[in-house]
Amino acid sequence: MNYYLGVDLGGTDIKIGITGNRGDIHTKQSFPTNAESDADTLVNHFGKCIQKVIKISGIKKEDIKGVGIGSPGLVNPETGQVKYVVNIQTLNDCYLAPAIEKIIGIPVFIDNDANAMTLGEFHFGAALGYKNIIAMTVGTGIGGGLIFNGQLYRGSTFSAGELGHITIESNGIQCNCGNYGCVERYVGREGIVNRFNTYLKQKKMKSTINKFLDNGEITPKAISMAARAGDKLSNLVMKETGTYLGIALASYVNILNPEIIVIGGGIANAGDLLLKPAKKEMMKRAYPLPARKVKIVRAKLRNDAGIIGSASIAVNSLK
Ligand SMILES: [Zn+2]
């Protein structure tokens, strides 16, 4: 039996899990990242955490064929170097994959978390069996990954797949990336909540949102729950969000002609509230043949998507 180990690296937690041949989770555990430590301390800490998970799993080290690290930010998968991670800045320029490989004695591979999610869906999720794939995560921001002819496409500086930063409004809201009107500003968490609050203040429509607050807060989850219960304003906001997403999807479809677009992340939990208007808008705007052919589906990997995706980096590198 072959096993793979996935490390889902985040600014607060590092989630580590061992998966079997079918992407099933055998053992998993979370640890604090200790993001404020220096790079050497972090490398040792991560190495120890991995060794601890292997020990509690009872799996022999030789049966773990590879380790995949899904990292936020910009990484070089060829050298294993982390180039820039905003929330763990001491790791910037660190050759993380080779350093951990030296500690644990198992091949270690690294890629960014959006590519990890994409590979997870490709090997074990909704995109299994497809060759031309776009995967996107919609949450606080929008990340994405591209697979063509069964191969991950990373671009010439490893920054391909920035699906959230396609312009959908020429004079739109300014984005953290410096551009104006990026789709992320409209379909990401903040865009949805801000639009809802603006409409609520304008008082053109009443809302029952107070019954659905998420720990006292208006969140995309609260808005989609209210929409499902028939709240008109929430329905309007979700429909608009889907329409904005559809504008971006039309561009992806026209440029890349994928077989399938897999959409994951917290906001995708809205399901058809988001995807139905998105598909409708995409059909209106994209070339008819590729638009009719493309499947737009929700991601299959949910709670453990980060771990399974990260392990998939190793699966994909060793295939
Ligand atoms: Zn942007």
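**View 1. The two domains of the protein chain.** The protein chain splits into domain 1 (3-122 + 304-318) and domain 2 (129-298), with bounds from an automatic or database domain assignment. Taken over C-alpha atoms, the domain centres lie 28 Å apart. The contact (heavy atoms within 4.5 Å) involves 14 residues of domain 1 and 18 residues of domain 2. The model is predicted: local features need pLDDT of at least 70, side-chain atom pairs count only at pLDDT 80 or more, and totals for chains, interfaces and linings use all residues. Residues are numbered from 1 along each chain as its sequence is written, and side-chain values use heavy atoms, with hydrogens and water left out.

**View 2. Area buried between domain 1 and domain 2.** Together the domains bury about 1,200 Å², this being the accessible area (1.4 Å probe) that two parts lose on being put together, summed over both. Carbon and sulfur atoms carry 69% of it. On domain 1, M117, T118 and F122 supply 42% of the area buried against domain 2, more than any other three residues.

View 3. One salt bridge is found across the interface of domain 1 and domain 2; the rule requires a side-chain nitrogen of Lys or Arg within 4 Å of a carboxyl oxygen of Asp or Glu. The side chains of R154 and D111 form a salt bridge at 2.6 Å, N to O.

**View 4. The side of domain 1 that touches domain 2.** Elements supplying at least two residues each are β5 (74-76), β7 (108-112) and α3 (113-124); helices (H or I, at least four residues) and strands (E, at least two) are DSSP runs, numbered from the N terminus. The largest share, seven residues, comes from α3.
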